[in-house]
Amino acid sequence: MEELKQELKAKIVEQLNLEDVAVEDIANDDMLFGDGLGLDSIDALELIVMLDRDYGIKLTDPKQGRAIFESVDTMAAYISEHKTK
Amino acid sequence: MTSKHHILSYCKIRNNTITLNEGVVFHEEDNSDFPTFIKSAYHHLETAYPKFFKMDDLSKLAFLATDILLKNEQLDEQNDNNIAVVFSNRASSLETDRAHQKTIQNSENYYPSPAIFVYTLPNICIGEISIKHKLYSENSFFIFDNFNADHLFDYANSLLEDRKADKVLCGWVEFDANHYDAFIYLVDKNGSIEHTPQTILKLYNT
(Lines give C-alpha, C1' and ligand atoms only; values in the text may rest on other atoms or scores of the structure.)
Protein backbone atom coordinates (compact mmCIF):
# COMPACT_ATOMS: atom_id res chain seq x y z
CA MET A 1 0.00 0.00 0.00
CA GLU A 2 2.85 2.41 0.82
CA GLU A 3 4.32 1.80 -2.63
CA LEU A 4 0.99 2.68 -4.25
CA LYS A 5 0.77 5.89 -2.22
CA GLN A 6 4.23 6.98 -3.41
CA GLU A 7 3.24 6.10 -6.97
CA LEU A 8 0.08 8.21 -6.67
CA LYS A 9 2.00 11.19 -5.27
CA ALA A 10 4.44 11.05 -8.17
CA LYS A 11 1.58 10.87 -10.68
CA ILE A 12 -0.25 13.76 -9.04
CA VAL A 13 2.82 15.99 -9.17
CA GLU A 14 3.76 15.05 -12.72
CA GLN A 15 0.40 14.74 -14.42
CA LEU A 16 -1.19 17.75 -12.75
CA ASN A 17 1.91 19.89 -13.41
CA LEU A 18 2.42 20.90 -9.78
CA GLU A 19 5.66 22.73 -10.41
CA ASP A 20 6.15 24.02 -6.88
CA VAL A 21 5.25 20.77 -5.11
CA ALA A 22 7.62 17.84 -4.47
CA VAL A 23 6.47 14.28 -3.86
CA GLU A 24 7.87 14.43 -0.33
CA ASP A 25 5.81 17.56 0.38
CA ILE A 26 2.58 15.57 0.15
CA ALA A 27 1.49 13.78 3.32
CA ASN A 28 -0.71 10.73 2.96
CA ASP A 29 -3.61 12.47 4.68
CA ASP A 30 -3.22 15.93 3.10
CA MET A 31 -6.42 17.27 1.55
CA LEU A 32 -5.97 17.23 -2.23
CA PHE A 33 -8.58 19.92 -2.89
CA GLY A 34 -9.50 23.12 -1.05
CA ASP A 35 -6.96 24.23 1.50
CA GLY A 36 -4.67 21.26 0.90
CA LEU A 37 -2.89 20.93 -2.43
CA GLY A 38 -5.43 23.31 -3.96
CA LEU A 39 -6.37 21.12 -6.92
CA ASP A 40 -9.19 22.40 -9.14
CA SER A 41 -12.08 20.92 -11.12
CA ILE A 42 -9.94 20.16 -14.18
CA ASP A 43 -7.49 18.32 -11.91
CA ALA A 44 -10.41 16.26 -10.63
CA LEU A 45 -11.26 15.24 -14.20
CA GLU A 46 -7.61 14.35 -14.82
CA LEU A 47 -7.65 12.11 -11.74
CA ILE A 48 -10.79 10.37 -13.02
CA VAL A 49 -9.02 9.72 -16.35
CA MET A 50 -5.94 8.47 -14.48
CA LEU A 51 -8.02 5.95 -12.49
CA ASP A 52 -9.47 4.62 -15.74
CA ARG A 53 -6.24 4.58 -17.77
CA ASP A 54 -3.80 3.32 -15.12
CA TYR A 55 -5.98 1.18 -12.85
CA GLY A 56 -8.98 0.22 -14.99
CA ILE A 57 -11.44 1.93 -12.66
CA LYS A 58 -14.35 3.77 -14.27
CA LEU A 59 -16.16 6.22 -12.03
CA THR A 60 -19.73 6.37 -13.26
CA ASP A 61 -20.94 8.71 -10.53
CA PRO A 62 -18.86 11.91 -10.34
CA LYS A 63 -20.08 12.38 -6.75
CA GLN A 64 -17.97 9.37 -5.79
CA GLY A 65 -14.88 11.41 -6.62
CA ARG A 66 -15.37 13.73 -3.66
CA ALA A 67 -14.68 10.96 -1.15
CA ILE A 68 -12.17 9.00 -3.26
CA PHE A 69 -9.99 12.04 -4.01
CA GLU A 70 -10.00 13.41 -0.50
CA SER A 71 -6.37 12.41 0.11
CA VAL A 72 -3.68 10.02 -1.09
CA ASP A 73 -4.81 7.65 1.68
CA THR A 74 -8.39 7.51 0.38
CA MET A 75 -7.28 7.20 -3.25
CA ALA A 76 -4.92 4.33 -2.46
CA ALA A 77 -7.58 2.50 -0.43
CA TYR A 78 -10.14 2.81 -3.26
CA ILE A 79 -7.68 1.77 -5.96
CA SER A 80 -6.48 -1.26 -3.97
CA GLU A 81 -10.03 -2.48 -3.64
CA HIS A 82 -11.31 -1.76 -7.15
CA LYS A 83 -8.43 -1.88 -9.61
CA THR A 84 -8.78 -4.19 -12.60
CA LYS A 85 -5.29 -3.73 -14.02
CA MET B 1 -2.07 59.38 -40.20
CA THR B 2 -2.50 60.93 -36.78
CA SER B 3 -4.08 59.23 -33.82
CA LYS B 4 -5.92 60.32 -30.73
CA HIS B 5 -4.45 57.41 -28.86
CA HIS B 6 -1.00 56.29 -27.85
CA ILE B 7 0.97 53.17 -27.12
CA LEU B 8 1.96 53.16 -23.46
CA SER B 9 4.34 50.23 -23.61
CA TYR B 10 5.02 46.98 -25.43
CA CYS B 11 6.55 43.59 -24.72
CA LYS B 12 8.04 41.03 -27.10
CA ILE B 13 9.00 37.40 -26.57
CA ARG B 14 10.96 35.79 -29.38
CA ASN B 15 14.29 34.04 -29.96
CA ASN B 16 14.85 33.20 -26.27
CA THR B 17 14.65 36.90 -25.43
CA ILE B 18 12.05 39.02 -23.65
CA THR B 19 12.05 42.76 -24.21
CA LEU B 20 9.95 45.42 -22.53
CA ASN B 21 9.88 48.59 -24.63
CA GLU B 22 13.51 49.02 -25.67
CA GLY B 23 15.13 46.99 -22.91
CA VAL B 24 15.91 43.29 -22.55
CA VAL B 25 14.36 41.90 -19.35
CA PHE B 26 15.36 38.28 -19.87
CA HIS B 27 17.58 36.39 -22.26
CA GLU B 28 18.74 32.80 -22.33
CA GLU B 29 22.01 32.22 -24.16
CA ASP B 30 21.72 28.56 -24.98
CA ASN B 31 19.34 27.18 -27.56
CA SER B 32 16.92 25.78 -25.01
CA ASP B 33 13.48 24.67 -26.12
CA PHE B 34 10.41 26.77 -25.37
CA PRO B 35 9.32 24.94 -22.17
CA THR B 36 12.81 25.35 -20.67
CA PHE B 37 13.08 28.97 -21.76
CA ILE B 38 9.66 30.05 -20.52
CA LYS B 39 10.15 28.24 -17.19
CA SER B 40 13.49 30.02 -16.66
CA ALA B 41 11.86 33.34 -17.54
CA TYR B 42 8.96 32.68 -15.14
CA HIS B 43 11.37 32.11 -12.25
CA HIS B 44 13.73 34.93 -13.20
CA LEU B 45 10.86 37.41 -13.38
CA GLU B 46 9.40 36.16 -10.07
CA THR B 47 6.01 35.59 -11.64
CA ALA B 48 4.74 33.54 -8.66
CA TYR B 49 1.56 32.15 -10.22
CA PRO B 50 1.53 28.32 -9.87
CA LYS B 51 -1.35 27.91 -12.34
CA PHE B 52 1.10 29.06 -15.02
CA PHE B 53 2.46 25.53 -15.22
CA LYS B 54 -0.94 24.09 -16.01
CA MET B 55 -1.33 26.32 -19.07
CA ASP B 56 -0.60 25.29 -22.63
CA ASP B 57 2.35 26.92 -24.42
CA LEU B 58 0.25 29.56 -26.19
CA SER B 59 -1.26 30.68 -22.89
CA LYS B 60 2.15 30.71 -21.18
CA LEU B 61 3.47 32.93 -23.96
CA ALA B 62 0.55 35.38 -23.87
CA PHE B 63 0.31 35.33 -20.09
CA LEU B 64 3.97 36.07 -19.43
CA ALA B 65 4.21 38.86 -22.02
CA THR B 66 1.09 40.51 -20.61
CA ASP B 67 2.14 40.02 -17.00
CA ILE B 68 5.48 41.71 -17.62
CA LEU B 69 3.81 44.63 -19.40
CA LEU B 70 0.98 45.19 -16.91
CA LYS B 71 3.20 44.82 -13.84
CA ASN B 72 5.49 47.47 -15.29
CA GLU B 73 2.54 49.84 -15.67
CA GLN B 74 1.80 49.48 -11.94
CA LEU B 75 -1.92 49.89 -12.55
CA ASP B 76 -4.40 50.01 -9.71
CA GLU B 77 -6.09 46.60 -9.96
CA GLN B 78 -9.38 47.92 -8.57
CA ASN B 79 -9.69 51.08 -10.68
CA ASP B 80 -7.58 50.48 -13.79
CA ASN B 81 -9.04 47.19 -14.93
CA ASN B 82 -11.31 48.37 -17.75
CA ILE B 83 -8.74 47.04 -20.21
CA ALA B 84 -10.00 45.32 -23.35
CA VAL B 85 -7.92 42.52 -24.87
CA VAL B 86 -7.53 42.09 -28.64
CA PHE B 87 -5.14 39.34 -29.61
CA SER B 88 -4.39 37.62 -32.88
CA ASN B 89 -2.25 34.91 -34.42
CA ARG B 90 -1.94 32.59 -37.39
CA ALA B 91 -1.92 29.08 -35.90
CA SER B 92 -4.87 29.49 -33.52
CA SER B 93 -4.47 26.74 -30.87
CA LEU B 94 -3.02 24.26 -33.37
CA GLU B 95 -0.17 23.02 -31.17
CA THR B 96 -2.57 22.12 -28.36
CA ASP B 97 -5.04 20.70 -30.88
CA ARG B 98 -2.25 18.34 -31.98
CA ALA B 99 -1.57 17.34 -28.37
CA HIS B 100 -5.28 16.61 -27.87
CA GLN B 101 -5.39 14.63 -31.11
CA LYS B 102 -2.60 12.39 -29.80
CA THR B 103 -4.70 11.48 -26.77
CA ILE B 104 -7.63 10.36 -28.93
CA GLN B 105 -5.74 8.90 -31.89
CA ASN B 106 -5.89 5.30 -30.77
CA SER B 107 -9.32 3.82 -30.08
CA GLU B 108 -7.62 1.12 -27.96
CA ASN B 109 -5.94 3.76 -25.85
CA TYR B 110 -8.56 6.51 -25.88
CA TYR B 111 -7.96 8.76 -22.88
CA PRO B 112 -8.52 12.42 -23.80
CA SER B 113 -6.91 14.70 -21.24
CA PRO B 114 -9.30 17.32 -19.82
CA ALA B 115 -6.31 19.52 -18.93
CA ILE B 116 -5.22 19.58 -22.58
CA PHE B 117 -8.71 19.78 -24.05
CA VAL B 118 -9.60 22.98 -22.18
CA TYR B 119 -6.86 24.82 -24.11
CA THR B 120 -8.05 23.81 -27.59
CA LEU B 121 -9.25 27.36 -28.31
CA PRO B 122 -6.86 30.29 -28.76
CA ASN B 123 -8.89 32.74 -26.68
CA ILE B 124 -8.41 30.66 -23.53
CA CYS B 125 -5.15 32.57 -23.08
CA ILE B 126 -7.20 35.76 -22.73
CA GLY B 127 -9.20 34.05 -20.00
CA GLU B 128 -6.03 33.20 -18.09
CA ILE B 129 -4.88 36.83 -18.34
CA SER B 130 -8.29 38.15 -17.33
CA ILE B 131 -8.39 35.91 -14.24
CA LYS B 132 -4.92 37.00 -13.10
CA HIS B 133 -5.43 40.71 -13.72
CA LYS B 134 -9.15 40.83 -12.87
CA LEU B 135 -10.19 42.11 -16.29
CA TYR B 136 -13.93 41.98 -16.99
CA SER B 137 -13.86 43.93 -20.24
CA GLU B 138 -14.31 43.22 -23.94
CA ASN B 139 -12.03 40.67 -25.54
CA SER B 140 -11.49 39.14 -28.97
CA PHE B 141 -9.05 36.78 -30.62
CA PHE B 142 -8.57 36.98 -34.39
CA ILE B 143 -6.86 34.55 -36.75
CA PHE B 144 -4.89 36.11 -39.64
CA ASP B 145 -2.39 34.82 -42.17
CA ASN B 146 0.09 37.40 -40.92
CA PHE B 147 0.44 40.16 -38.34
CA ASN B 148 -2.33 42.63 -39.16
CA ALA B 149 -1.54 46.07 -37.76
CA ASP B 150 -4.43 47.74 -39.60
CA HIS B 151 -7.03 45.51 -38.02
CA LEU B 152 -5.61 45.79 -34.51
CA PHE B 153 -5.42 49.58 -34.93
CA ASP B 154 -9.03 49.89 -36.11
CA TYR B 155 -10.41 47.54 -33.48
CA ALA B 156 -8.56 49.20 -30.60
CA ASN B 157 -9.65 52.66 -31.77
CA SER B 158 -13.24 51.51 -32.04
CA LEU B 159 -13.24 50.14 -28.48
CA LEU B 160 -11.73 53.32 -27.08
CA GLU B 161 -13.92 55.70 -29.06
CA ASP B 162 -17.08 53.79 -28.19
CA ARG B 163 -15.94 53.86 -24.54
CA LYS B 164 -16.02 50.10 -24.30
CA ALA B 165 -12.67 50.26 -22.54
CA ASP B 166 -10.23 52.74 -21.04
CA LYS B 167 -7.22 50.92 -22.42
CA VAL B 168 -6.72 48.13 -24.95
CA LEU B 169 -4.17 45.39 -24.71
CA CYS B 170 -3.42 44.35 -28.29
CA GLY B 171 -1.06 42.00 -29.99
CA TRP B 172 0.09 38.87 -31.72
CA VAL B 173 0.74 35.63 -29.84
CA GLU B 174 1.82 32.81 -32.10
CA PHE B 175 2.85 29.30 -31.12
CA ASP B 176 3.27 26.56 -33.69
CA ALA B 177 5.64 23.61 -33.33
CA ASN B 178 9.06 25.09 -32.54
CA HIS B 179 8.13 28.64 -33.49
CA TYR B 180 6.89 31.22 -30.99
CA ASP B 181 6.42 34.96 -31.22
CA ALA B 182 4.65 37.37 -28.90
CA PHE B 183 4.20 41.10 -29.37
CA ILE B 184 1.83 42.74 -26.91
CA TYR B 185 1.20 46.48 -26.55
CA LEU B 186 -1.06 48.64 -24.45
CA VAL B 187 -3.07 51.45 -26.07
CA ASP B 188 -4.24 54.39 -23.99
CA LYS B 189 -5.24 58.03 -24.35
CA ASN B 190 -1.83 59.07 -23.06
CA GLY B 191 1.62 57.86 -23.88
CA SER B 192 4.75 58.73 -25.76
CA ILE B 193 4.32 56.56 -28.85
CA GLU B 194 1.71 57.53 -31.42
CA HIS B 195 -0.85 54.80 -32.08
CA THR B 196 -0.87 54.32 -35.85
CA PRO B 197 -0.70 51.22 -38.07
CA GLN B 198 2.75 52.29 -39.22
CA THR B 199 4.06 52.58 -35.68
CA ILE B 200 2.52 49.26 -34.65
CA LEU B 201 4.10 47.54 -37.64
CA LYS B 202 7.44 49.19 -36.98
CA LEU B 203 7.46 48.11 -33.32
CA TYR B 204 6.48 44.56 -34.33
CA ASN B 205 9.22 44.31 -36.94
CA THR B 206 12.10 45.77 -34.92
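This is a predicted model: local features need pLDDT of at least 70, side-chain atom pairs count only at pLDDT 80 or more; totals for chains, interfaces and linings use all residues.
Local features need pLDDT of at least 70 and side-chain atom pairs pLDDT 80 or more, while totals for chains, interfaces and linings use all residues. Residues are numbered from 1 along each chain as its sequence is written, chains are lettered from A in the order in which they are written, and side-chain values use heavy atoms, without hydrogens and water.

At the interface, 14 residues of chain B are in contact with 14 residues of chain A (heavy atoms within 4.5 Å). The area buried between the two chains is about 1100 Å², with 58% from carbon and sulfur atoms; buried area is the accessible area (1.4 Å probe) lost on being put together, summed over both parts. On the chain B side, K54(B), Y111(B) and P114(B) lose the most area to chain A, together 54% of what that side buries.

Two salt bridges are counted between chain B and chain A (a side-chain nitrogen of Lys or Arg within 4 Å of a carboxyl oxygen of Asp or Glu). E19(A) and K39(B) meet through their side chains in a salt bridge, at 3.0 Å from N to O. Helix 1 (34–44) and helix 4 (114–117) of chain B each supply at least two residues of the side that touches chain A; helices are DSSP runs (H or I, at least four residues), numbered from the N terminus.
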